[in-house]
Amino acid sequence: MLAGWAVSASAALADAVIDGDGLAVLIVYFGPLPPWLPLTLASMAANPTVSFSVVGDAPPPYTGLPPNVRFETVGWVEMQARLGALSGRRVSYTRQYKANDIKPLLPELYPHLLAGRSWWAWSDLDVVYGDLRAHMALALRAPACCAGRELQCSKRLRRDRRSPCFNSSRAPPGRSADTWRDARACPCTAGERVTAVSPLYPNPWRKKCWGPFTAFRVEGGASAAGARPPATTTSLFRRAPKWRQIVGTAEYAHFDEWWGPLSARGFETMGDVMTRLSDAGELVMSRALLPFAEAKSCADVECTFCPCGALRFELRGGKLLVNEREAMLLHLSESKPAWREHARRHPLPPWRAGAQPE
């Protein structure tokens, strides 16, 4: 199942562009590079106006990379030293997977990677990209001004018949906005611009970010009437009250996600931060239903609205087709062990300019 619209974003928005000088996608990855990397690089090369930067301990894997891709090499120990200097905490990590918590901090750690760009995004190396420019243009056409209007719904509250999340008529006046079910919810009337894009939003739980890809306008831009937008989104992580503790703990806090296992201890994720800022009118989300896909089982009892069931994909020019439908991106998710096993017997050839993946 793909989430989002079934229309071809590339065909519908062939003349639409991201304003300014485009998008910088920042990725952090430590450890041996994955066997599907040639496919990810091919999809990056198909987005020539987007810059992709991979921060990690691996040097560039090939002598020739796509011109819009760079590897920013830093050792694991050195990265922890940088994080310690930024946070003022002692940093000593035991697992490289903890690097996912670094994603929201990348613009402050590596500001030169955003030079001349009007948008930035965090992402992952287990992603195959479709036409990002066209889908971002689609997103920018649909701002959602939900300041003070959205209920924050969980799975439990959605099932509680006494909750306004189950029946919006029980909500306090002005607090029943539902961008997931109501295309008229959260209208913008004062020239507000989209300042954040997450393929996962809108959704029934009003969650605002997604670990594999979340994008921000570098300058805060126009917010909801009466609200003061952040001057820049490159330091939004500082709006999490315990961001220093998150950097200092060796536990993976899912800081880049819409959920986190440490919430009971008061650790906000960026999803919590973005939800709070959206509710205050400081952040304007896009309410466009962007088509994205995940290669994972559909038996996910925790997130029934999440995409799943991606079985086939094809890179065709600048388009990504997943299960024969165009998608903004594909998260390889649960398929990664199978990719690694397959690569032991049939490794993918290295990426090279002009080659079309099969």
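Reader: Are Phe 237 and Trp 243 buried or exposed?

Author: This is a predicted model. Buried means under 20% relative accessible area. Phe 237 and Trp 243 both count as buried.

Reader: How many aromatic pairs does a search of the whole structure find?

Author: Rings pair if their centres lie within 6.5 Å. Across the whole structure, the number of aromatic pairs is 10.

Reader: Which strands hold Trp 122 and Phe 216, and how many residues apart in sequence are the parts they tie together?

Author: Trp 122 and Phe 216 form an aromatic pair, 5.5 Å centre to centre. Both residues are buried. Trp 122 sits in strand S4 and Phe 216 in strand S8, so the pair links parts whose separation in sequence is 94 residues.

Reader: What kind of aromatic pair do Phe 237 and Trp 243 form?

Author: The ring centres of Phe 237 and Trp 243 are 5.0 Å apart, with 80 degrees between the planes. Planes over 60 degrees apart count as edge-to-face. The pair of Phe 237 and Trp 243 is therefore edge-to-face.

Reader: Which residues form one aromatic cluster?

Author: Three names belong here. The cluster consists of Phe 30, Trp 76 and Tyr 93.

Reader: Is Arg 287 buried or exposed?

Author: Arg 287 is in the loop between strand S9 and strand S10. Its relative accessible area is 14%. The cut-off for buried is under 20%, so Arg 287 is buried.

Reader: Which backbone oxygen does the side chain of Arg 287 reach?

Author: Arg 287 is in contact with residues including Asp 182, Ala 185 and Tyr 201. At 2.7 Å, its side chain reaches the backbone oxygen of Ala 185.

Technical notes
Residues are numbered from 1 along each chain as its sequence is written. This is a predicted model: local features need pLDDT of at least 70, side-chain atom pairs count only at pLDDT 80 or more; totals for chains, interfaces and linings use all residues. Side-chain values use heavy atoms; hydrogens and water are left out. Helices (H or I, at least four residues) and strands (E, at least two) are DSSP runs, numbered from the N terminus. Buried means under 20% relative accessible area, exposed over 50%, partly exposed in between (1.4 Å probe, protein chains only). A polar contact is a pair of N or O atoms within 3.5 Å; within protein, one must be able to donate a hydrogen and the other to accept it, and residues adjacent in sequence count only if both atoms are side-chain atoms. Contact means heavy atoms within 4.5 Å. Rings of Phe, Tyr and Trp (its six-membered ring) pair if their centres lie within 6.5 Å; planes under 30 degrees apart count as stacked, over 60 as edge-to-face and the rest as tilted. Lists of a residue's contacts leave out its neighbours within four places in sequence.
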